Amino acid sequence: MPSHQHRLKSSKPLQSLLLSSALLLAACGGGGGASVTASTQPANAGSSPAPAPVQNPPSTPAPNPVTVPVKDYSVTTHAIPTAAAGQVFSLKANFFDDGFVPPSPMSNYGFQNPIIPAVNADGSLDVAWLDYSGASGHAVSGLSTPGTINITHVNPDLSTGATTATSLQTYKLLGFTKDSNGAFYLAYNVDHPFKNAIAGDANNVDGNELRIAKSASANFGLRAWDTLVFGDQDNTKDMSKGNPGEAGLGMLGFDAINQKLVLYVSHQMASGDHGIRHQAGYFRYFNPLNGVPVAAGNGNALNMGSSWFYSHNFSPRLLVDNGTSYLLAHGDYYSRQLGFAAYTYGGYTGSDQTQFDKSYFAIDGNKGDNNTNAQTGQFIKLNNGNFAMVHTTSQGRAARDVRIVIAGGSDGGTQSSAWLTSNAANVQAIMPKLEASGSGFLVSYGLWNSSDRTNKSIEWHFMQLDAGLNVISQSKAMPGIEFIADLPLLRFTSGPNAGRVGWVSGNDQGTLSVNLVQAPQ
């Protein structure tokens, strides 16, 4: 398919996502301990010549769809009432945006998760969600006026729920998690003291401050602490961090081994006074007792290491397991790749170095194109310690196809990969997700026809893979369901639905849906 530059045509809430190649006139940082400072980059980095063709390890070809049996998959949807608390994000109402080029369904930018669930030990859910009742039209990248964050507790049998208004208001929901003691943590953004309404001014930003709050309950009116992470500075000043969630999203996790809260979020920062604001990832540990950030080792500047993790970093992902924080990065400039990295707490505090930082898909084209022709999906840790991840790309394909990768848990290196689809031109695979299923995998994805950019119809599909990444069955198009673009599938490990795979979404009625999928046996 033709290559397009990501750009926006209208809408104030989305204008700040316009990231031209001029962003890259100075350094945009990098992954792990290999980050570089602005002074090391050439002055004309934004107009570098086309690099040599990128070579990715060969992947198993996609199967012939005719030879893969179509079997009956079923989805059970539990509609959870949210009373008069507000309106939950809906895919049809809030996601599609004609301002994105390519359109939002196939954008390489990540989008905030307006719904974030946490699975409890008894099989119940606590679901944080941002009230979209005040949204005017599309609001895929955040609200134009702050909305209330609510938390709905869903019973283990998924029959009903009870909703609590947290008292926190935000433009974007940038993270939600719980710790082993049941405490709640929310990441959100609010306006900074330098905000103005001057067109094109760096301080004309909705929600420049990133904050994290802790509460013993879903009601944050009596929160334990509320920490300013960054964003209270004048955005025209050198090293002024802000714009949390810009062209990406935010995530919180809890490291039970080291008893630390973990944050991974996209953001922007100025390079020089009145300089261009560059976009990158930001990774930090926090003390859960008082909300104080844990300093990274090595005294790295704010444009290095974990403070500036990949740039541009369009769609970060976080998974905390057994004392290690595993990260996916969607790099557009430095490094221009889909990356898989890991931080240990000791490596972070000692020298701000990753345990590993590897490419699982090298992206061709010029650095800083703001167009990677790819979309990051979900990743999971396997019982053998390795990882599985899915993504889409049109690189070398007729349209965007789904690819699965198995990577080593100790070194991050790609061990095997396979193409799962072989789509015709204009039939784009979007929003890929996966979970373990038996000895193999369950994969979900959407198909969207890009020949009509205002098309709001998505066909949702599932497929089963064996341990060798071979497709053993596929579903017909599944009607009546929807997904959140960057929200993963989840697995219930206990309770009435132990072993089941599902996900949380909105619906056409503006309430929550908890969905369970049953693959054919």
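**View 1. Asp-191, a partly exposed residue, with its partner Lys-195.** In this predicted model, Asp-191 is partly exposed, at a relative accessible area of 33%. Its side chain meets that of Lys-195 in a salt bridge, with 3.3 Å from N to O. Lys-195 is partly exposed too, with a relative accessible area of 31%. This pair belongs to a set of 13 salt bridges found in a search of the whole structure.

**View 2. Asp-321 and Lys-381, a bridge between two strands.** Here the closest N and O atoms of the salt bridge are 2.7 Å apart. Asp-321 sits in strand E18 (residues 317-321) and Lys-381 in strand E22 (residues 374-381), so look for distant parts of the chain, 60 residues apart, linked by this pair. Both ends are partly exposed: Asp-321 has a relative accessible area of 27%, and Lys-381 one of 29%.

**View 3. Asp-369 and Arg-336, a bridge between two loops.** These side chains meet in a salt bridge at 3.6 Å, N to O. Asp-369 lies in the loop between strands E21 (356-362) and E22, while Arg-336 lies in the loop between E19 (324-334) and E20 (337-344), so the pair ties together parts 33 residues apart in sequence. Arg-336 is buried, with a relative accessible area of 10%.

View 4. Beyond its close sequence neighbours, within four places, Phe-462 is in contact with residues including Tyr-73, Leu-442, Met-478, Phe-483 and Trp-503.

How values were computed. Residues are numbered from 1 along each chain as its sequence is written. This is a predicted model: local features need pLDDT of at least 70, side-chain atom pairs count only at pLDDT 80 or more; totals for chains, interfaces and linings use all residues. Side-chain values use heavy atoms; hydrogens and water are left out. Contact means heavy atoms within 4.5 Å. A salt bridge is a side-chain nitrogen of Lys or Arg within 4 Å of a carboxyl oxygen of Asp or Glu. Buried means under 20% relative accessible area, exposed over 50%, partly exposed in between (1.4 Å probe, protein chains only). Helices (H or I, at least four residues) and strands (E, at least two) are DSSP runs, numbered from the N terminus.
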